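The sequence and structure come first.

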Amino acid sequence: MGMTMTQKILAQHAGLKEVKPGQLIQADLDMVLGNDITAPVAVEEFNKIGWDSVFHKEKIAIVPDHFTPNKDIKSAEQCKTIREFARKHEIKHYFEIGQMGIEHALLPEKGLVVPGDLVIGADSHTCTYGALGAFSTGIGSTDMAAGMATGKAWFKVPEAIKFELTGTLGEWVSGKDVILHIIGKIGVEGALYKSMEFTGEGLKALSIDDRFAMANMAIEAGAKNGIFDVDEVTLQYVKEHSTKPYTVYQADEDAVYSEVYPIDLSQIKPTVAFPHLPENTRTIDEVGDVAIDQVVIGSCTNGRIEDMRIAAKILEGKQVHPHVRTIIFPATQKIYLQAMEEGLLKIFVEAGAVVSTPTCGPCLGGHMGILAKGERAVATTNRNFVGRMGHPESEVYLASPAIAAASAITGKISSPKEVIGC
Amino acid sequence: MLIGKVIKYGDNVDTDVIIPARYLNTSNPLELAKHCMEDIDASFIERVEKGDVMVAGRNFGCGSSREHAPIAIKASGISCIIAVSFARIFYRNAINIGLPILECEDAARAIEEGQQVEVDLANGRIVNRTTGESYKAAPFPEFMQELIKAEGLINYVKKGRAQG
Ligand code: SF4
């Protein structure tokens, strides 16, 4: 029986010629990731195992990005735990403030993930690296602890859903709109326990940043992982960021999929997910009048340089609405610097937005932009659950950077066309 | 055998409502438990008694990978969760920390808030003591039974069995 991309990567890392959906395997790990929320629990569990060393000093990444720069004493203590652990075990890829970025933007940028890798991370959006043709998936702290000790993890081999992309994206339409469209179509458990594999000639229309945003939200459809075919765009990115050896896996011709969805990119419209589930999508022309109090542009979904450029293009020479607090947070130090050099930060500040150091902060309702009761935000993040960004009676609308920036100007959810006038 | 009263929720109970991120600056189970479910059910923590069984709909535990979610539920006194389906990271985390969870659509739909249920994990049998109805959940694959027997992944690894 033919195998999907994911199945091939799993088989290879388990030392098996073939794997079948449902099979339980032990696989070797190329990278184990944790952050300042999940790694402290993992460190505690790791210490319980009682092993004195980690399996590999260069195959573990620890990124304090959620409550950092530390928002209070408790988070400072949590960061201290992982900092000391990283120092003790000489973990090479521990990123302190100043080097730190949001983990899922940071790891690919630092060249730590390449095509064909098998990565686990104690953070659900670890699935982001599927954009590079790697198998990556979120796990919990206990798995992280066991992974750091043994270099292995158990997996149930997933079935896959194939998304066959054709056509090109319309104006102001991005990878974010494509993935919101897909989640709206298949639902938040539409891909439960499965892989989402993206393929087809439409890939050409998607930049690497579009693909990161799409793979990032595979978990919002319940998927185990999202993965893209590797093409020149991927290889160019890898060449620019990494010297690690990589392997390109392709699905077999006779690979079996539980479902196949053709997606014509040219038909996708700018899309917004209404509270309180990412599947509650509406196209921009169905949105109606939704007044907002805050706009957040950033996160591991849409805090990359292209996102900054789109936001700047819309905000340039304009003012954000006086009722809208606009918070922009580039995902990594490198993106921050690049945005500075390109003059984007100046555009943001002149438009009346604030620019934050890289942090998860507002995305998970941690700090740096919490919503009060009854307030509404448009965010380029990935989750709009009850209480996600603050008060349980606040609301989060998920959208692309283009819609978010346009909405910041008008004070209600808006199409970029309304403010650019084309 | 687990016996307890039922506390019931609907579909898509996500990790943000199980334990909101604003409380994740600690990993202390008892502190986490104080805020368990508070954004969808402020009275949960007052109502819950040791041994109670949580029953829910589809996609329970969707969202983040925070192990704090099953940790908070376990520390609140819940002995077992029965749902139509679980989000995969939550499923994994629950097994890894030794919180029993069962997928059983019929039981999850029929059993109601406040009823008394009895769960036999060894064979997946669920009995609604209030109505007398009984259900059968799918048994765990062998590997997971081993994990449960070892009381979680850490003990399993400790014994060195995961090295092979
Ligand atoms: S930016 Fe948001 S979704 Fe991404 S890792 Fe941080 S908290 Fe999680």
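How many salt bridges are counted between domain 1 of chain A and domain 2 of chain A? The count is one salt bridge. The model is predicted.

## Domains of chain A

The domain assignment of chain A gives domain 1 as 5–264 and domain 2 as 271–417. In the contact between them, domain 1 of chain A takes part with 40 residues and domain 2 of chain A with 42 residues. Taken over C-alpha atoms, the centres of the two domains are 24 Å apart.

About 3,100 Å² is buried between domain 1 and domain 2 of chain A, and carbon and sulfur atoms give 62% of this area. On the side of domain 1, A:Ile102, A:Trp172 and A:Lys176 supply 23% of the area buried against domain 2, more than any other three residues.

## Polar terms at the domain interface

A:Arg383 and A:Glu220 form a salt bridge through their side chains, at 2.6 Å from N to O. Across the interface of domain 1 and domain 2 of chain A, 23 residue pairs are in polar contact, with both residues at pLDDT 80 or more.

H6(A) gives the most, with six residues. By residue class, this side of domain 1 divides into 15 nonpolar, 16 polar and nine charged.

## An open sheet in chain A

Five strands of chain A form an open sheet with parallel pairing, in the order E4-E3-E2-E5-E6. Strand E4 (93–94) and strand E6 (135–138) of chain A each have a single partner strand, so one side of each is left without a neighbour in the sheet.

Strand E2 (residues 31–35) and strand E5 (residues 118–121) of chain A run parallel and are joined by three bridges. A:Val32 has A:Ile120 in E5(A) as its bridge partner.

## Chain A against chain B

Chain A gives 51 residues to the contact with chain B, and chain B gives 44 residues. The area buried between the two chains is about 4,000 Å², with 58% from carbon and sulfur atoms. A:Thr142, A:Trp154 and A:Tyr193 supply 17% of the area that chain A buries against chain B, more than any other three residues.

Four salt bridges are found across the interface of chain A and chain B. A:Arg388 forms a salt bridge with B:Asp16, with the closest N and O atoms 3.0 Å apart. Elements that give two or more residues to the chain A side include strand E1 (24–28), helix H3 (73–88) and E6 of chain A. The chain A side divides into 23 nonpolar, 15 polar and 13 charged residues.

Key. Residues are numbered from 1 along each chain as its sequence is written. Chains are lettered from A and ligands numbered from 1 in the order in which they are written. This is a predicted model: local features need pLDDT of at least 70, side-chain atom pairs count only at pLDDT 80 or more; totals for chains, interfaces and linings use all residues. Side-chain values use heavy atoms; hydrogens and water are left out. Domain bounds come from an automatic or database domain assignment. Contact means heavy atoms within 4.5 Å. Buried area is the accessible area (1.4 Å probe) that two parts lose on being put together, summed over both. A polar contact is a pair of N or O atoms within 3.5 Å; within protein, one must be able to donate a hydrogen and the other to accept it, and residues adjacent in sequence count only if both atoms are side-chain atoms. Helices (H or I, at least four residues) and strands (E, at least two) are DSSP runs, numbered from the N terminus. Ala, Val, Leu, Ile, Met, Phe, Trp, Tyr, Cys and Pro count as nonpolar, Asp, Glu, Lys and Arg as charged, and the others, Gly among them, as polar. Two strands pair if DSSP finds at least two bridges between them.
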